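Let's walk through a structure together, one feature after another. Have the sequence and the 3D view at hand.

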Amino acid sequence: MSKEYDEYLRKHITAVDECYRILTGKSLDDCFKNHDASKYSKEEYEAYDEYFYPSDGSKVGGDPKRKEAFDKAWLHHQNCNPHHWQYHVLINDEEKMKALEMSLNDVYEMVADWGAFAYLKKDGQHLRDWYKINRDKQIIHEKTREIVDALVVVLAAKIDEEFKEES
């Protein structure tokens, strides 16, 4: 267990909650959600910690064994958390991958999760840029995509507005 990873998780979860509040007017706690709780599980915690904060001081992601452990932890995380679009992709033998529609609450939490990085940087453009780069890599149901596209614009603008008022 590293203090750095614990601190990162605390800041990230707090920022996700703030972004969720910006989008919905509610705290994730109001919805009985514990964002990213699985990151504290035995299946995820150590692999994430060692990947991003290597105990031996080596380069992040440089060790193939750590990368493999991280990939397994990331898959576990996606499969346990419906706020990730990957959770809603059906992979079966009969057809190609198929995107299933996400619940509105999961969409809010997903966009808040992405926005948390921009929130911590106090820069809505960070979210706009990240989404522009990653949008077409995502397998998202067309109805969900319409909502996501709109929410990214709203959240980025509100982050810019919130931090512009502070300066």
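The dialogue below looks at nonpolar cores and then at salt bridges.

Q: Before we start, what kind of model is this?
A: It is a predicted model.

Q: Which residues touch the most other members of the largest nonpolar core?
A: A nonpolar core is a set of buried nonpolar residues joined through their side chains. Here the largest one has 29 residues, and Val-111, Trp-114, Val-148 and Leu-155 touch the most other members. Helices α1, α4, α5 and α6 each give two or more residues to this core, with α4 supplying the largest share, 9 residues.

Q: What does Val-111 touch?
A: Leaving out residues up to four places away in sequence, Val-111 touches Leu-23, Val-148, Leu-151, Val-152 and Leu-155. Another core lies apart from the largest one; its 8 residues include Leu-9, Ala-47, Tyr-48 and Tyr-51.

Q: How many salt bridges does a search of the whole structure find?
A: A salt bridge needs a Lys or Arg side-chain nitrogen within 4 Å of an Asp or Glu carboxyl oxygen. The search finds 13 of them.

Q: Is Arg-21 buried or partly exposed?
A: Partly exposed, because its relative accessibility is 33% and buried means under 20%.

Conventions: Residues numbered from 1 in each chain as written. Predicted model: local features only at pLDDT ≥ 70, side-chain atom pairs only at ≥ 80, totals over all residues. Heavy atoms only, no water. Core = buried A, V, L, I, M, F, W, Y, C linked by side-chain atoms within 4.5 Å. Buried < 20%, exposed > 50% of the residue type's maximum accessible area, 1.4 Å probe, protein only. Helix = DSSP H or I, 4+ residues; strand = E, 2+ residues; numbered from the N terminus. Contact = heavy atoms within 4.5 Å.
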